[in-house]
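Please keep the sequence and the structure in view while reading.

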Amino acid sequence: MKKSLFGIALVMAAVVLLAVACSKEKDDKDPKNQKVAVLLPDAAILPRWGIDKSNLEKAMTAYGFNTTFYVAPETSEGAALQVEQLRKAINEGVKYIVVTSIDYKTINESGLLEQHPDVKVVCHDRIIIDNPYIAYISSADTREVGRTQAMFLLNHFHSSGKSSMTLEILQGPQTDYNAKGYYEGAMDLLRKYIDEKKLIVKSGKTEYKDVKGDSWSVEAQKKAMKSRLTSYGTGECPDMVLAATDNAAQGAIAALEEAGITAMPVITGQDNAALSQTYIQNGKQTMTIDKNLKDMAYNTALIINSLISESPVQTSQSIPVGTITIPVLYSRISVMTIDSY
């Protein structure tokens, strides 16, 4: 009888332990029991980061995540601060982290992701390259953004009936790997026309090392445009400006207005910023790319939810990011012109 009771007790204990284990596993996959950290640049240089933060707050809340948000300025000091924010989140036991990097190299050099391979990291919009510890990317297709801007310019060139037109190129800093993606996508289409002198870049600045800006700030882009204008005569300007973002477009417009230009060239953009919408309606900027930031935020939250629940993510594709390949979920892009508002 004693042996029988002892055996029953062992079975019951095993059942309890199994139930506890199953309950813990279930709790581990419950989004409400998981901490999520979101690291973003502040909105001082690019107002869109404030929009992204708002969209991500709503998306994370919709999934019920316990989310902490961190922001840092888009400066070298801000890049170092972002690393400390990442370290803090990891030290507090956060296993799911969303990062829009201020400087992807600074994050890689910190070695934090390598030291904590159990932490799942999702890049939101901006890509961190050459880091095998990035789980997913939620973004728009950067090369497609560049190609779309270039196609817009080429359509304008072909419809003009001219044998050649002048062009200048404004891109972002190398701390943002996306900037190079925009450039490469655009040059996939423009390079042939530049080589054939159908598109003439009077400044001679066509390579990425020459067209990248000091930052995405309007002032830095204005400075870059003023430099380009030294290759033109008084009162002259290029026929077209490939401005990678709305900040670049706004910087170009500021430089052109300061130079006394009243009839603006064809100017591209990206982000569908409020000021650029006004500029498009007023005829100062010609177009912008809307990256559907709400979709991007919900894509990011969906990826986090899938990682927590260990369910598959229906990604768009896997893309080469430096020396490695990472799955990506793309949000759609749309061309916005004066007819869009």
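## The second largest pocket

A pocket here is an open set of grid points, on a 1 Å grid over the protein atoms alone, with protein on both sides within 12 Å along at least five of seven lines, and its lining residues are those that have an atom within 4 Å of a point. The model described here is a predicted one. In that model the second largest pocket has 16 lining residues, and those that lie nearest its centre are Thr142, Arg143, Tyr177, Ile319 and Pro320. The space in this second largest pocket comes to about 220 Å³.

Which elements each supply at least two residues of the lining of the second largest pocket? They are strand 5 (134-139), helix 6 (142-160), helix 7 (177-195), strand 11 (317-321) and strand 12 (324-330). Helix 7 gives the most to this lining, with four residues. By residue class, the lining of the second largest pocket divides into nine nonpolar, four polar and three charged residues.

## The largest pocket

The largest pocket holds about 350 Å³ of space. It is lined by 20 residues, of which Ile51, Asp271, Asn272, Ala273 and Leu293 are the closest to its centre. Two or more lining residues come from each of helix 2 (48-63), helix 10 (246-258), helix 11 (274-281) and helix 12 (293-309). The lining of the largest pocket is made up of seven nonpolar, seven polar and six charged residues.

Helix 9 covers residues 218-229.

Lys222 deserves a separate look. Is Lys222 buried or exposed? Its relative accessibility is 16%, and since buried means under 20% relative accessible area, Lys222 counts as buried. Leaving aside residues up to four places away in sequence, Lys222 touches Gly251, Ala254, Ala255 and Glu258.

## Strand 6

Strand 6 is joined by two bridges to strand 7 (residues 199-200), and the two strands run parallel. In this pairing, Met165 stands opposite Leu199 of strand 7.

Asp195 is found in helix 7, the helix that gives the most to the lining of the second largest pocket. Asp195 has a relative accessible area of 54% and is therefore exposed, exposed being over 50%. Between Asp195 and Gly185 there are 16 Å in space, C-alpha to C-alpha, for a separation of ten residues in sequence.

Tyr63 lies in helix 2, one of the helices that give two or more residues to the lining of the largest pocket. Its relative accessible area is 26%, so Tyr63 is partly exposed. Tyr63 and Leu302 are 239 residues apart in sequence, whereas their C-alpha atoms are 8.2 Å apart in space.

Technical notes
Residues numbered from 1 in each chain as written. Predicted model: local features only at pLDDT ≥ 70, side-chain atom pairs only at ≥ 80, totals over all residues. Heavy atoms only, no water. 1 Å grid on protein atoms, 1.4 Å probe; cavity = no way out; pocket = protein on both sides within 12 Å on 5 of 7 lines; lining within 4 Å. Points joined across faces, edges and corners; volume = space filled by probe spheres on them. Nonpolar A, V, L, I, M, F, W, Y, C, P; charged D, E, K, R; others polar. Buried < 20%, exposed > 50% of the residue type's maximum accessible area, 1.4 Å probe, protein only. Contact = heavy atoms within 4.5 Å. Pairing = 2+ DSSP bridges.
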